[in-house]
Structures are given as structure tokens and as C-alpha cells.
Amino acid sequence: MTIQMLFSILYTIDKETGELSEVKRFQDQIFDFCFDYEGNMYAVAIYWTNAEGGGFQWSGTLLNKYDAQFEKVDGKPMRIKDMDKKDVLVNGYGSLSFDYTTGDLYLASCIASTDGSSNYDRLVKLNPKTGKYADYPQSFYPGNMIVGMYIPYFEADNRDAAGRVTDLTATPNPQGATDITLAWKNPTTTWAGDELKELANVQIYRKNASYTKGVTSSEELIANSKLIATVPATAENIGKEMTWKDTEPKTGINTYYIVPCRVDGEKGVPDSIRAVAGTDIPGVVTNFTAALDGENVKLTWDAPVDGKNNGYVDPASLKYDIVRNPGEKTVASDLAATTFTDEEVASLVRGKYTYTIVAKTPAGVSDAVVSNAVEAGVPPLPPVKFATETEDEAGQWTAFENPMTGDGNVWKYVDWDHTYQLFVNAGVGEDWTASPAFRMEKGRTYLFTSKFNTDWPDVGHTIGRYVGTTPTLEGMTEKIGEETEYSAPGYTNPIVTYEDKFTAPADGTYYFGFRISDNTGYDTFNFYGVEIEPMFANDLKALDLEIFGGDVVSGNYNKCKAHIKNNGSETADAGSYKVEVLQNIDGAETVVGSTEETPVVRAESTADVSVEFMPQGEGDHNFSFRVVYSKDEFNGNNTSEAKKVNVIPFGDATPWSMVVTGDGEWNATYTPTSCVGGFSGSQSIYLNSDFAEKSSDSNTIERIGYEYNSNGFNDALPIGTFTVWMANSDITEFTDASQWLDESTMTQVFSGPVTLYPGTGNMLSLQLDTPFEYDPTKSLVVCAQQEGSVDPEFAALWRVFNWGGARNRSLRFWTPKSSRTFCEASAAALFVGFKQNLSGIQDVNGNAAGNVYYNAETGKLVLGGAQADVFDISGKLVRSYNGVSQVAPSLPAGMYVVKARTANGTQSVKVSVK
């Protein structure tokens, strides 16, 4: 790698104004720096060497030392090298810091070997005199980027004073008596690191019981501790062991500070330790293991010998509490024995279970210890889902690799990314993950649906799916599907779904396996689990309920899509099944909409069913849908997973009618606005073909919305004034910035302050000030502009479509608009609410009451089994009925409208309740 050399500038910062003032320019490219106690600067810099063909190449990393005037200290350059004496590459972020107590130097950064491998975030102790690693480094998962570091320290009276003692211990009386023996080894160097030639005594302090904070400085130590002993010493005691017994410690925790004194009255560097006098809180149990004992799980452990603070523990008073996870179920409490058998686990669903144990006495409770995982319980019979969305779910899977081609990488849950991931490298690795156990019945065919995606395009892989009888390489014997030379098409990388079938050869316990191999380059896999379902000739499955915009309007007819799949081998004819929308009201699943106008669904195919429904109440409610099919042989998948949706009051907003989107969905910061420079926005084209699925007869747009995820903020974020214009146009794409439609030729439909909110899946909802009449023969052009300073800029990741498309759907800009307007292929997904042709009193046809009427003599509504909604005079929904013949509505006297749906259509009846 050939690079042109750069230089670095050191500044001071005015902490009040933030103003920078240049101090020094360095010819080195410096990444991290710090100062020792004498004021010398140490800096991590790139080690350049001459490259073949001219220029320079990055060959390692230097540790440079500069004096107080920032001049480099002469001498042989110090190259940072690892424990194998190999050069390393320190990347551009990190922190360098001294521990002034000991003089140790620490570096936290992303550090790689010179061939680019082993690239990890590490904490390393360096020898400040040589630059070499002083110890093996500590590594962190990617994403733990340390960019600043401060190490609290103790000081001595001066640099010539004695350094810190070593090997400090505190041993309480083993029988619980109140005495504590302190032992230590005296220092051999001064605080500055020079040879120590004198030693007068060692002072011992005990922290005051009334001071409960931690002590972080020598001044704080002296102010909040009592000198309880001065142990005489001479030069002969330098580097030698010494002891002292405290015969009158406090009952409970005692914190001691050991201060060596070179000469009488000169305090050296303190060290501290604590111990308990009397009975201590128990320490942790040891050798805690879980193992199968038949169908049960047997737990064994050793009792703690020492206390949490190295004090005495009364063995006769030890008790134990045990919790099983997942589920946080307490399976034993106040147990005196050191063994326990969990018999309840045998009847639970099969999975990996761990146990947490604490020891306790009247003095307190120990820290918890977690056992190894053990697989136990009854394997479930499909249908079953094995997910990976949480750490507990991912922990149920078994990750392993082929040892013949192993690269050390295995599937693991990555907490910072909240995904189950695998990192792969070119040419190596055969990595597996196996599901928890499940049962299958002999001769039955099952459908396995697994999902994943990758991060990098144009990297080849082989992806195999297997069924086996053990979660091991040897046990995965039946290949049920494989794709060779898989490669993601681009950086958008949507989730890939595989559907594989397998017929069980025998009744028994099985595992699903997912295998990655033949990698042609570095890549990251995200695995989303597997769903296993039995297959039948006739089986309609409820997949997902799509409710546009994330909210619905109470008492209005809202639109949604029910996504269904035919899991069977026979075609489901059009109109042969019904879809019902369900709202959970007071714990009961209530039908709030349905349709029998359903399309044909061929075997192993999917279909979308549009359904109109009328939600009730207000606030958050769970919604789902149910497929009702008379031929269905399996009802375990007829209802979709519930979605929490906000029900807003009648009249507050127009219900959503649809969302305009398409291929190439992505999250981007530009459209409708980037929130950059105090003034930004866009114009986007929505073709008339985009509105082909519009179910409303009306073309009047009353509400629009944009979906987004927050980007870099954690509280509500006002973004200033948001203004929207609309126009009907013949334009179908943008080719350059000159096509920007002048806002004076458009209709302003909204203007007002707008606030963005943290989190994902948010909706910027705009009820238009001026409804817009859309011409369905033309394109709809939407211009959105934001005005006002925003911090952070690029505050939203908007849901867009046509990412990387052939035609430009948008123009985007930030200030100054005249010179910073650009064509953009993508456009923001547009949620639209068209005006409803209202169903309330305006719909009433008094001459077509038919068999729906109010019987004043009985005080009942006669509905004839129709699905009916009752509105008050303002149009608010007050009652809903489904399939009843007649009912006493229990309504206050007044005028109402009943809208009833029967086989003959929809009719509205005005009734008077007395």
C-alpha cells in the first residue's frame, strides 16, 4: 500500500469557547498521545518505509517520546511490537494513557498485524522504554471503540519517595475472630522508577467507617483515614516481606492503605486492600455443574470456603437459592445441601437451560454463578419457530465448525448489533449452526423456512441446509437444500428465504442445520432462524398483517393487507376462504373487519388480500388477522402474529389508504429532507402507476406520511418548519437540476413545525392544511422543504425505494439551493390517506331499510345476522355487532345511524332511540 506522508498538528482547546490554538506541527502522522508525570509527551505514530516504485508504505507503528518543548527525544525509534516481536498496525482511533501510580503505559485502539489480519479492538500495556508489549493484550468485540481513557492514580510526596508495595494480602482470622493480618513486599524503586536505597518505616491507615466513597487520591486518603500503625523498617527491608496484625479491626469491612516511607515523614505511593472482621458475606460457590440425570437435570457444587471480602463464613448457616433460565424460574430456595435435581425441566419444551446459584447466610448474599448449559425437556412437535432475535433465543442454537477447515470463527450473538452473526474469511471455514431439538412423525413431510442475509456484495458462498439426529458435524446427515456460488447482488442485501421439504424416515428427535462454506472473500452473515411446519393437501397460512402507516382511526373504515400463503399441495379457489381482521379488546379477539372477496392461491404460492376494517376504542391495541377456510386441515397457522397499533380518535386524522413504494427499498438520509445547513428538501415523482392499488374512489389526498428511523439522537428533536407542495405533472423522471418545479406553480398543502422522535419505524404524519385533488392520469410531484438548524444533521434514515434505479425519481438539495441540487434515483416511500366517502349520516338511504331497523316496541335493533356498526349523530362509532339477529343497544335516547353489511351489499339506516 503506497501512501503520501502526512503531518500532525497539536492544539490547545479553550474549554469555554472551544477555540483551537496551534502549539506544534509534527512531521509524523500521530494517532494517539499522552504525557508522563514529568510532562514528556508519548505519541503513537505511523512507521513509514520506502515503497517500491516510489512513495511510502505503512509498515508498522512507532512510540515516539517528546520533551516538554515537544522536541523528539533522540535515540533509536521505538517500534511497537507484539509478544511475538512482530510489528503491528494501530488504526486511527484510540487512546494512550499512563497510570501515574505505577508508571505503566496503556494503549486502547483497533490493532492489526501488518498483513491486515487479527484486526481487533485491544487494550495493551506497553513498555515506555522500548515500545514492546509488556503483557498479552485484552481484546474486545468489534464496535467497542475506546476514544478516550483516564486512569485514577495515587501520588507520593515527591518523585524520589518510595514506590508502591507489592503482593499485598489481608488474612482475617480463619475462625471468625476479630483480627486481620496484613502482609506485603516492600518496594525496590522510587515513584520515579529509580533504585530505592532507603526505607524508614511503613505506615498503615484504615479508612473511616463514616466515609463510604472510594478513595482515588492521596489527599482524599489522608483526609478520610486514620493512621493506626507505623511499622519500623530499614534499608535491609527493601524488597522484603513484612507483616502486621490489626487486633482491633471494625466488625465488617475494613479498608487498609499501606504507605512506605523512604525517610521519616515522607509518604510514598499507597496501595490498598480490604478484609472483613467477623462473619463475612459468602463468596461464590465453585464447581457448579449441570448434567442430565435421565430426563432430569442434576446440579452439583462446592460450598464457598472464603467470604466475599476474604473473611470468615459460617458453614453451618449456608443456604442456596437456584434459578433456571430462560424463564427466571426459582427451582430451589433455602437449600442446605450441595446438590439438587430439577425434575420439572423434564416436562418443559426442549431447549438449552442454565442455572444461576447464590449462597447466603445471615451476613448477606453472594454473587451469582451460572452453570453450563444443558439440553433438556420435551422436543416440540411442529409447527415451531426457532428464532435468533434475542440473546436467549440465539443461545438455544449450537454453533460449531469443521475442524479440518476451521478458521476460529463461529456463529455468535452480537449484542451491539442485536443479531446472530458469523464472520467468514476467504478460502477457509465450514461453519454450522444447529437448531434446538424438535420431533417429527414418520412419513410426514415438513416445510423448513430459513432466512439470512449478508453484508458484502459479490462474495461467493455455498449455503447448505440439513436435518440430523444430533447437533454435531457427524449428526447432520440429510441435506435438504443447497445453493452454491451464492452472492449478494448489492449493498442493500435483502433477507433471503429458503424453503426446503423433508419427509421424516422415523418417529424421533431431530435438529435443523445451517452450513456456510466455500467463501471467496470476507463477509458477515446474519441468520434469522427457521420455522418448521407440517405439510397438508389443504393449508392456508396467515403470514403478516400490513397496516399502513402504523396507526388507524377509530370509527372509520381503514385499509390493510393480509399476506397469506398456501402451504398445501391443492389450489385454494377465489372466494373459497375468508379473511377476518381481529382487534384485541379487553382480552378478547374481536372481528372488526372481514372480506370474502379473496383471490385464488395456488399451491406453495402467496397472495395479498385487501381488507377494510373499523377499529374501536383509542390507544394501543393488538391487531392480527385470521384465515377461515373450510377445507383447511391444519389450524395451527391460521392467525398472524399480533401487531401493536395506535388507534387514534375519530376525526383526528384521515385513515391511511395505501403506501407508495417499490423495488430497491433502503434507508437513506436525503428524501424528503436531509436536515442539513438550516435549509434542505427534495422533489419526488410518484407515477400514476404507483397508485394502481388505490382502493378509494376519491382522489382527494388529505394526509401523507414518511417512515423513518432516528439517526444519532435520543430525545424528541424539533427540526423547524416543514412545508409541502404538490402538483399534477406529466414528468416521469428527473434528468438534471433544471427540472425543479417552481413552488409558485404548485399547491402548498402543509406548513408547520415538525418534531422527529428516537427509535425505529417512526412515522412523520402530516394531516394536510389544504387537501389536494390528484389527477390519476398524471404523476404526483411532492416537494418537501425543512427550514431551521438541526443538530445532529442527517437526523433521519428515511424509508425510500428505487435505490440504485435506472430513472431518477427525485431532486434533493441543501443550502445554497442554487448550487447544491442533485438528481437522486430513490424517492421516499409515501403513505397516503385519501378522503373517505363517509359512511355516517351522509350515507343514509331512508328508503332502503330492508331487514335492518329499530323496533321501538321492544327497544331492540333488528339486524338479521348482519355485520353492523352504529354511529351517533357526530359520526362516532358507538357499537359494533357481528352475526346477531336482534339486540338491545343500551344507548342514550337520540338519533343514530346503523351501517349494516349483508349478502346484498351495504345499507345505512337512520334510527331514533327513545
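This is a predicted model: local features need pLDDT of at least 70, side-chain atom pairs count only at pLDDT 80 or more; totals for chains, interfaces and linings use all residues.
Colleague: How many salt bridges does the structure hold?
Modeller: A salt bridge is a side-chain nitrogen of Lys or Arg within 4 Å of a carboxyl oxygen of Asp or Glu. One of them joins the side chains of Glu266 and Arg262, at 2.9 Å from N to O. The number of salt bridges in the structure is 37.

Colleague: Which residue forms a salt bridge with Glu612?
Modeller: The closest N and O atoms of the pair are 3.8 Å apart. It links distant parts of the chain, with Glu612 in strand β45 (residues 606–613) and its partner in strand β42 (residues 558–566), 53 residues apart; strands (E, at least two residues) are DSSP runs, numbered from the N terminus. The partner of Glu612 is Lys559.

Colleague: Is Lys559 buried or exposed?
Modeller: Buried means under 20% relative accessible area, exposed over 50%, and partly exposed in between (1.4 Å probe, protein chains only). Glu612, at 30%, is partly exposed. Lys559 has a relative accessible area of 16%, so Lys559 is buried.

Colleague: Where is Lys561, and what is its relative accessibility?
Modeller: Lys561 has its place in strand β42. Leaving out residues up to four places away in sequence, Lys561 touches Asp544, Glu546, Asp608 and Glu693, among others; contact means heavy atoms within 4.5 Å. Lys561 counts as buried, because its relative accessibility is 14%.

Colleague: Which residues have the most contacts inside the largest nonpolar core?
Modeller: A nonpolar core is a set of buried Ala, Val, Leu, Ile, Met, Phe, Trp, Tyr and Cys residues joined through side-chain atoms within 4.5 Å. The largest has 39 residues, and its largest share, five residues, comes from strand β52 (residues 717–729). Those with the most contacts inside it are Tyr686, Tyr706 and Leu780.

Colleague: How many disulfides does the structure hold?
Modeller: A disulfide is a pair of cysteine sulfur atoms within 2.5 Å. Cys823 is in no disulfide, and the nearest cysteine sulfur, that of Cys783, is 15 Å away. The number of disulfides in the structure is zero.

Colleague: Why is the pair of Tyr577 and Tyr629 edge-to-face?
Modeller: Rings of Phe, Tyr and Trp (its six-membered ring) pair if their centres lie within 6.5 Å; planes under 30 degrees apart count as stacked, over 60 as edge-to-face and the rest as tilted. By this rule the count comes to 43 aromatic pairs. The rings of Phe386 and Phe438 have centres 6.2 Å apart and planes at 40°, so that pair is tilted. Tyr577 and Tyr629 have ring centres 6.4 Å apart and are edge-to-face because their planes stand at 85°.

Colleague: Which residue lies over the face of Tyr498?
Modeller: A charge sits over a ring if NZ of Lys or CZ of Arg is within 6 Å of the ring centre and within 35 degrees of the ring normal. Tyr498 belongs to an aromatic cluster that includes Trp397, Trp411 and Phe452. At 3.7 Å from the ring centre of Tyr498 lies Arg465.

Methods: Residues are numbered from 1 along each chain as its sequence is written. Side-chain values use heavy atoms; hydrogens and water are left out. Helices (H or I, at least four residues) and strands (E, at least two) are DSSP runs, numbered from the N terminus.
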